[in-house]
Amino acid sequence: TNTVTVSPSITKDSRCFEIRTYYAAPGKLEALNARFRNHTCALFRKHGMEIVGFWIPTDADKGADHTLVYILAHKNREAAKKSWAAFIADPVWKKAQQESEANGKLVTKVESVFLGATDYSPLK
């Protein structure tokens, strides 16, 4: 269980931001992008998750061929927990995941970090 610590510099009205880093299985980055493009993004919106953006590193030594980083915004941590639970349970997601992984898993590792915006951040 993670302990939530709130810095005094985190603004009181900050949304909860979540940075997620996906490490694609060898040769599977474009299939992962297609799954987000064609299925996952719509499901995120359906379940109340705001998409801030998606990025791929441009340097080979930083994972250009296998890394996808994206940021979601949630109202708060509790909303994030509820949205993820609803997303994972969604039969549309289960079908998309199963079909996209017919030839093997697309992702070998996922990292998730929750962030609060500082009081001087333009994005809160």
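This is a predicted model: local features need pLDDT of at least 70, side-chain atom pairs count only at pLDDT 80 or more; totals for chains, interfaces and linings use all residues.
Local features require pLDDT of at least 70 and side-chain atom pairs pLDDT 80 or more, while totals for chains, interfaces and linings use all residues. Residues are numbered from 1 along each chain as its sequence is written, and side-chain values use heavy atoms, with hydrogens and water left out.

**Largest pocket**

- The largest pocket holds about 440 Å³ of space; a pocket is an open set of points on a 1 Å grid over the protein atoms alone, where a 1.4 Å probe fits, with protein on both sides within 12 Å along at least five of seven lines.
- The volume is the space filled by probe spheres set on the points, which are joined across faces, edges and corners.
- The lining comprises 19 residues, and Val4, Arg77, Phe114, Leu115 and Gly116 are the closest to the pocket centre; a lining residue has an atom within 4 Å of a point.
- Strand β4 (residues 107–116) gives the most to this lining, with five residues; strands (E, at least two residues) and helices (H or I, at least four) are DSSP runs numbered from the N terminus.
- By class, this lining has seven nonpolar, eight polar and four charged residues; Ala, Val, Leu, Ile, Met, Phe, Trp, Tyr, Cys and Pro count as nonpolar, Asp, Glu, Lys and Arg as charged, and the others, Gly among them, as polar.

**Second largest pocket**

- About 230 Å³ of space lies in the second largest pocket.
- Its lining has 16 residues, of which Tyr22, Arg35, Phe87, Trp93 and Gln97 lie nearest the centre.
- Two or more lining residues come from each of β1 (16–24), α1 (29–46), α2 (77–89), α3 (91–100) and β4, and α1 provides the largest share, four residues.
- The lining divides into ten nonpolar, two polar and four charged residues.

- Phe36 touches Tyr22, Cys41, Phe44, Phe54, Leu68 and Tyr70, not counting residues up to four places away in sequence; contact means heavy atoms within 4.5 Å.

**Thr67**

- Thr67 lies in strand β3 and is buried, with a relative accessible area of 4%; buried means under 20% (1.4 Å probe, protein chains only).
- Beyond residues up to four places away in sequence, Thr67 touches Thr21, Tyr22, Tyr23, Leu29, Trp55, Ile56, Pro57 and Lys62.

Note on methods
Buried means under 20% relative accessible area, exposed over 50%, partly exposed in between (1.4 Å probe, protein chains only).
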